Amino acid sequence: MSQSSVWLELQQVEARLCTVAAEQLGVSADEVKPESRFIEDLNCDSLDLIELIMETEDEFGITIPETPSTPVGKLIFTRQPFRIRDLAEFAFLNQGTGSPVRGGWRKKPIELPPATESGFTQLGGKVDASVLRQAGLHERLDGCGEFPCYRRTTDGMVCVQVPASSVEIGCDDSLANEDEKPRHQTTLSSFLMDVEPVSVTAFCRFLNSIEIGPDELRNSIALPANDDRQADRQFETCGGTWQPRPGAAMQPVILVSWNAADAYSRWANGVDWRERDQSFLPTEAQWECAADGAFDEKELVYAGIHQRGQAYQSEGLPMPRVQQPYGQSRFGLRHMSGTIWHWCRDWYSPDFYRSADATQLDPIANIPTGLRSERGGSWVGPIELCRPSYRRGRNPEACGRCLGFRCVGSPPAR
């Protein structure tokens with residue numbers, strides 16, 4: 001399956017896998033549900049499960065490696081008990097990997113090339129509250145490297161724990177603008193930060209999981225009917241369900257206001273999305289700390305792609321997938337430099353770095369200025385804007401074709 005092929009929602013994958021499992025195991029379709037346990041409920045032995053996995057690969061045109069290589073793949077396949085919904089989740093995340101060529105494997109063993117995984121972890125469909133209650137907000141991932149990693153169960157996002165530290169923020173170089181000065185030291189508490197931008201798939205999951213009125217919809221995510229960016233929208237409703245448009249499922253979501261991003265950040269962190277006194281968007285200080293190293297390898301910064309006069313109505317906006325390693329920081333966070341601008345929690349103030357508040361513990365600009373901060377640069381502008389210390393602000397009601405977001409959170413209690 002290519003990225004332009006039909007994108008299946010998680011519930012669709014679960015329903016089709018239930019049918020496949022019933023046929024493969026020779027049981028009634030009524031006996032197989034997403035929550036069915038392979039061993040305890042369906043009496044699967046090892047051979048049954050291997051055959052079912054191969055049927056799943058054929059059904060969805062995907063590859064399921066014998067030993068998953070990514071932390072999320074390992075997490076899914078080591079869940080106890082292992083259920084239909086777990087196999088469906090892996091199939092959903094690996095759409096587009098292509099089924100393996102076995103050439104008679106079912107008759108005799110042959111040498112197979114190493115299987116690959118998509119690396120995509122974010123979930124679509126709709127939140128199952130019962131699953132969320134069982135799993136809690138975060139699942140610990142193993143094998144992530146130097147920094148602890150967790151997977152957020154609301155949306156499937158992998159989060160990296162950035163350690164508490166004293167960091168230097170800002171820039172005094174000759175290229176620096178006045179709002180980047182002076183370079184100063186501050187102290188940050190440990191925090192979780194999303195390893196990649198929020199995808200179209202996950203944002204649709206958010207919309208499908210909440211009740212949103214017409215006024216809120218118009219103010220947060222809807223564009224005027226005469227807006228020429230309508231063709232660039234990445235998601236749409238079909239039968240009352242929000243879903244990605246073809247080719248957009250794994251892209252960073254764009255054209256969402258600060259208010260919409262802020263609401264998502266609360267929902268993703270298990271908080272009522274309407275409670276506006278809380279926010280889980282990164283502060284500028286958290287952003288700049290977490291972006292360390294992302295600008296060092298400039299050939300991997302996805303910027304300056306747009307050509308003057310270029311229109312994208314037919315092929316879509318030229319954005320990479322969220323799991324591709326562009327603009328990667330030393331914490332392993334992708335797209336921290338280039339690809340899209342990211343909304344931040346702070347009100348934008350050009351003088352904030354010269355204030356005493358900028359050197360306090362966990363600093364944030366809380367005085368309303370009419371503009372919210374955005375960081376990171378994008379695929380549209382020049383690479384110079386992708387420096388980690390580059391600052392600018394935008395009207396929080398604005399929606400941009402190069403503007404998205406990611407979330408932060410609190411590390412789980414040990």
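**Strand pairing and domain contact**

Modeller: Val162 has Phe191 in β6 as its bridge partner. The model is predicted, so local features need pLDDT of at least 70 and side-chain atom pairs count only at pLDDT 80 or more, while totals for chains, interfaces and linings use all residues. Residues are numbered from 1 along each chain as its sequence is written, and side-chain values use heavy atoms, with hydrogens and water left out.

Colleague: In which sense do strand β3 and strand β6 pair?

Modeller: Strands are DSSP runs of E of at least two residues, and helices are runs of H or I of at least four, numbered from the N terminus. Two strands pair if DSSP finds at least two bridges between them. For β3 (residues 158-162) and β6 (residues 191-194) there are 4 bridges, and the sense is antiparallel.

Colleague: Which strands stand at the edges of the sheet?

Modeller: The open sheet has 5 strands in the order β1-β2-β3-β6-β13, with antiparallel pairing. Each edge strand has a single partner strand, so one side of it is left without a neighbour in the sheet; these strands are β1 (138-141) and β13 (408-409).

Colleague: How far apart do the C-alpha centres of domain 1 and domain 2 lie?

Modeller: The domain bounds come from an automatic or database domain assignment. Domain 1 covers 10-94, and domain 2 covers 129-200 + 241-409. The distance between their C-alpha centres is 34 Å.

Colleague: Which residues of domain 1 lose the most area to domain 2?

Modeller: Buried area is the accessible area (1.4 Å probe) that two parts lose on being put together, summed over both. The two domains bury about 700 Å² between them, 57% of it on carbon and sulfur atoms. On the side of domain 1, 55% of what is buried comes together from Pro71, Val72 and Leu75.

Colleague: Which residue forms a salt bridge with Arg79?

Modeller: A salt bridge requires a side-chain nitrogen of Lys or Arg within 4 Å of a carboxyl oxygen of Asp or Glu. Across the interface of domain 1 and domain 2 this rule finds 2 salt bridges. For Arg79, the closest N and O atoms are 3.2 Å apart, and the partner is Glu139.

Colleague: Where is Pro81 found?

Modeller: Pro81 is joined to Gln80 by a cis peptide bond, with omega about -5°. Its place is the loop between α3 and α4.
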